[in-house]
Amino acid sequence: MDEYDRRHFIKTSIPGFLGISMALPAITAFATRANAYQGRLKADGSINWDAFLSAIEIEAKKQHLDSWNELEYVKQASAIAARLDLKDPSLAKAFKNVKEKGVGNGRVDFAPLEKQIDYHVTLVQFEKNEEILHHDHPEMTGVLLCATGEVEVWNYDLFAEKENKKDVLLKQTSHAMLAKGKVSTLTAKERNIHRVAAKEFTQLVDIFAPPYDKQRIADSTWYNVDPEGYKGKDKLFEATRI
Ligand SMILES: [Fe+2]
């Protein structure tokens, strides 16, 4: 297990994962906002990039309210994401640009699409057989929209931890293919740990609310997971915090 996981972990190491702003210049410049009269809402119900950001912002701001409900937020954000027009010119330009710059570099690419205090939208790009191994998102929600290709996603909850805090049991709560136009979610308490693997070239639009900051980056944890089910139970896995 160690050799297999170590190889893949190195391929998608934390510097690669967190090097989002170093990897590419901000894509936000491409995202010239259409105004209210230029295609915010199409006949098929799809919404342009500007309308998408406006809608996400309204939902993400609710995190400051006492009544903030993460499950309700990811439900709303998923519905908004599912309506995003993936052919929006500004978004399509960002997809193309990241593809041109990232293909062949041997790692998963992260490019910021929008950075706000309450949320970030990041383009995550995988080449065939690239993956991001098991990791968590401390006190965060995530909404992942598959824009191109298809990825396999495993989600886990923290089930138990030993006194040493290093050895834990993870409970797998879902395992599914995420096809183009489909959305996967996680909250601070449910499905917060995941692994994402691409069988083909894939681009995801990830919405994080609240976004990564210094503390959340410091608190992020990677897990070395034993693929053998714990005591023969296929939904429980022994893991070590790295
Ligand atoms: Fe993640």
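**Loops, helices and core**

Trainee: Where does lysine 165 lie?

Mentor: In this predicted model, lysine 165 lies in the loop between strand 5 (150-161) and strand 6 (167-179). Lysine 165 is not a glycine, although its phi is positive, at about 65 degrees.

Trainee: Is lysine 165 buried or exposed?

Mentor: Lysine 165 is exposed, because 8 other C-beta atoms lie within 10 Å.

Trainee: And what about the phi of arginine 191?

Mentor: Arginine 191 has a positive phi of about 60 degrees and is likewise not a glycine. Arginine 191 is in the loop between strand 7 (183-186) and strand 8 (193-198). Arginine 191 counts as buried, because it has 21 C-beta neighbours inside 10 Å.

Trainee: Which peptide bond is cis?

Mentor: The bond from alanine 209 to proline 210 is cis, with omega near -10 degrees. Proline 210 sits in the loop between strand 9 (202-209) and helix 7 (214-219).

Trainee: Changing topic, how do the axes of helix 4 and helix 5 cross?

Mentor: The axes of helix 4 and helix 5 (residues 70-82) come within 10 Å and cross at roughly 175 degrees. Helix 4 is therefore roughly antiparallel to helix 5.

Trainee: Which residues meet there?

Mentor: Phe52, Ala55, Ile56 and Glu59 in helix 4 meet Tyr73, Gln76, Ala77 and Ile80 in helix 5. By class, this contact has six nonpolar, one polar and one charged residues.

Trainee: Which residues touch the most other members of the largest nonpolar core?

Mentor: Ala81, Leu145 and Ile207 do, out of 54 residues in that core. Helix 4 (residues 49-60) gives the most to this core, with six residues.

Trainee: What does isoleucine 207 touch?

Mentor: Not counting residues up to four places away in sequence, isoleucine 207 touches Ile56, Ala77, Ala81, Tyr119, Val121 and Val143.

Conventions. Residues are numbered from 1 along each chain as its sequence is written. This is a predicted model: local features need pLDDT of at least 70, side-chain atom pairs count only at pLDDT 80 or more; totals for chains, interfaces and linings use all residues. A nonpolar core is a set of buried Ala, Val, Leu, Ile, Met, Phe, Trp, Tyr and Cys residues joined through C-beta atoms within 7 Å. A residue is buried if 20 or more other C-beta atoms lie within 10 Å of its own, exposed if 12 or fewer, and partly exposed in between; C-beta atoms are placed from the backbone. Helices (H or I, at least four residues) and strands (E, at least two) are DSSP runs, numbered from the N terminus. Two residues are in contact if their C-beta atoms, placed from the backbone, lie within 7 Å. Axes are lines fitted to C-alpha atoms, for helices over the stretch in contact, and angles run from 0 to 180 degrees between N-to-C directions. Angles under 35 degrees count as roughly parallel, over 145 as roughly antiparallel, 65 to 115 as roughly perpendicular and the rest as oblique. Ala, Val, Leu, Ile, Met, Phe, Trp, Tyr, Cys and Pro count as nonpolar, Asp, Glu, Lys and Arg as charged, and the others, Gly among them, as polar.
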